[in-house]
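Subject: Structure for your review

Dear colleague,

Please find below the structure that I am handing over to you. I would be grateful if you could read it alongside the notes that come after it.

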Amino acid sequence: MHPTSTPCNTTLLQRSLEDQLSEQQEEQLAAHLTECEACRRTLETMAADVGSWSHVGKVLRDETSGEHAATPHSRSTLIPRKPLSGDDNDEDFHDGSSLKPSDFIVDFLQPAQNKESLGRLGNIEIRQFIGQGAHGIVLKGFQEELNRLVAVKVMAPHLASVAAARKRFAREARAAAAIMHPNVLPILHVDSSGQLPFLVMPYVDCESLQDRLDRDGALPILDVLRIAVQVARGLAAAHAQGLVHRDVKPANILLERGVERVMLTDFGLARAVDDATLTRSGLIAGTPHYMSPEQARGEGVDTRSDLFSLGSVLYAMTTGRPPFRAETTYGILRRVTDDAPRAIREHHPETPDWFEGIVLRLLHKSPDKRFSSADEIAQLLEDCLAHAQQPAAIPLPAAARALSAMKEARLFQKAGLLIASALLGVLAIAAFVIYSAWPRMMPCREFGFE
């Protein structure tokens, strides 16, 4: 059932993406989206049309920019154009197969010097299509002068004309570029002024943590700790710059092949802690399975929000699934704010108590009850990793022992409450039986008893 104040309206969804709604309209739309699954799906489709990006990937594989001349009559099959003449009966427009002259292949990529390349972007030869995401595509390039491979992230054409989306893209570049740390994928160059904004990153032979979880399921505890330490270190570096990542999840954690380096990427939702420019939007940004309760409620967040998300990632690495699951986005958000996750040891009984204690503290609903900083949890996890690698030589850190004892105390307390409840139940049943039988046990005058 939809709120009567804001009925389904595709125009409002588009205006929200373009940051053209008033604060009151955003609040009304957010309330509507909470109840209307159809509009949520429409908004997701408008923000990231996966089908269109699949088409872009195919075209990039099939075409090379060297085959196109940058003339007003050049056309490809990437971006449907509006009639240039203003004639609504334009045949090319209605068949949906033509482009404006300034399309991705013709104007964005210059003719390649190497015929095996797709095209050229400045001093970068674009060699192949790597993949696509919600906000753009990633291309593999080569800088001949520096003799290095790079990854080029290009904003989706349908988002490039949206002012709010361009701001978010530029913010991602500024946020990541400010962080110099081995566990954060750096930004080498950014250009947000062109038709399609893009940024350049080192090309790393890697897979995402999500890819590994999809392939292997739950990870061994040593791998979990090794990855978690590096993610926490990357977060600490971001937090030191006054930035909150806001979208820590397995898909944004890269595992470099051949080495044990882990890198945090995609700061598309990051913002300065004191930046209030996005809080006016009633829409919730982030990935529901891994967002913090304060994000799910649309409240202000600080660095401790990332710690909750880190706890969710640790849970997923240990069990193979996120801690909060439901059939709908709204259901997931309700579980994030209201429910405790299933115990990790129900999935994997061999999980150490101290590790589950760490995860439970990270997943505390109250930010004040989590760890105080990413540095603190990084150091604790590093010490726990050393213990797990050499348990006989290196003792478990005192903080981990304390969390394990607290967990055991909670279990004993819970068991005690269950036992007490059971005893009360038995006593209540006994009292009921005695009360019910009491008239038959009392002396009766009919039998001559006084």
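The notes below begin with confidence, then turn to the chain as a whole and to selected elements.

Confidence. Please bear in mind that this is a predicted model. The average pLDDT of the protein chain is 76, and 67% of the residues reach at least 70. Two stretches call for caution. Over residues 409-418 the pLDDT stays under 50, and the model has one contact beyond four places in sequence for them. Residues 444-450 also have a pLDDT below 50, with four contacts in the model beyond near neighbours in sequence. Where pLDDT is low, the predicted coordinates should not be read in detail.

The chain as a whole. The secondary structure consists of 17 helices and eleven strands. The protein chain has 450 residues, of which 44% count as buried. Among contacts with a separation of 6 or more, 60% join residues 24 or more positions apart.

Helix H9. This helix covers residues 209-216, and its buried residues are Leu209, Arg212 and Leu213. They lie on the same side of H9, because the arc they cover around the axis is only 100°. This may be read against a general rule: an α-helix has 3.6 residues a turn, so residues three or four places apart point the same way. The exposed residues Asp214 and Arg215 sit on the face of H9 that is turned away from its buried side. Cover for the buried residues of H9 comes from elements including strand E7 (206-208), helix H10 (221-240), strand E9 (253-256) and helix H12 (303-319). After H9 comes Gly217, which has a positive phi near 75°.

Helix H8. With 15 residues (163-177), H8 reaches 21 Å from its first C-alpha to its last, close to the 21 Å expected at 1.5 Å a residue. Its buried residues include Phe169, Arg171 and Glu172, as well as several alanines, among them Ala165 and Ala170.

Gln28. This residue is located in helix H2, which comprises residues 23-35. Gln28 counts as partly exposed because its relative accessibility is 29%, between the limits of 20% for buried and 50% for exposed. The C-alpha atom of Gln28 is separated by 9.6 Å from that of Pro7, a residue 21 residues apart from Gln28 along the chain.

With kind regards

Terms used
Residues numbered from 1 in each chain as written. Predicted model: local features only at pLDDT ≥ 70, side-chain atom pairs only at ≥ 80, totals over all residues. Heavy atoms only, no water. pLDDT = per-residue confidence, 0-100. Contact = heavy atoms within 4.5 Å. Helix = DSSP H or I, 4+ residues; strand = E, 2+ residues; numbered from the N terminus. Buried < 20%, exposed > 50% of the residue type's maximum accessible area, 1.4 Å probe, protein only. Arc of directions from axis to C-beta. Expected span 1.5 Å × (residues − 1).
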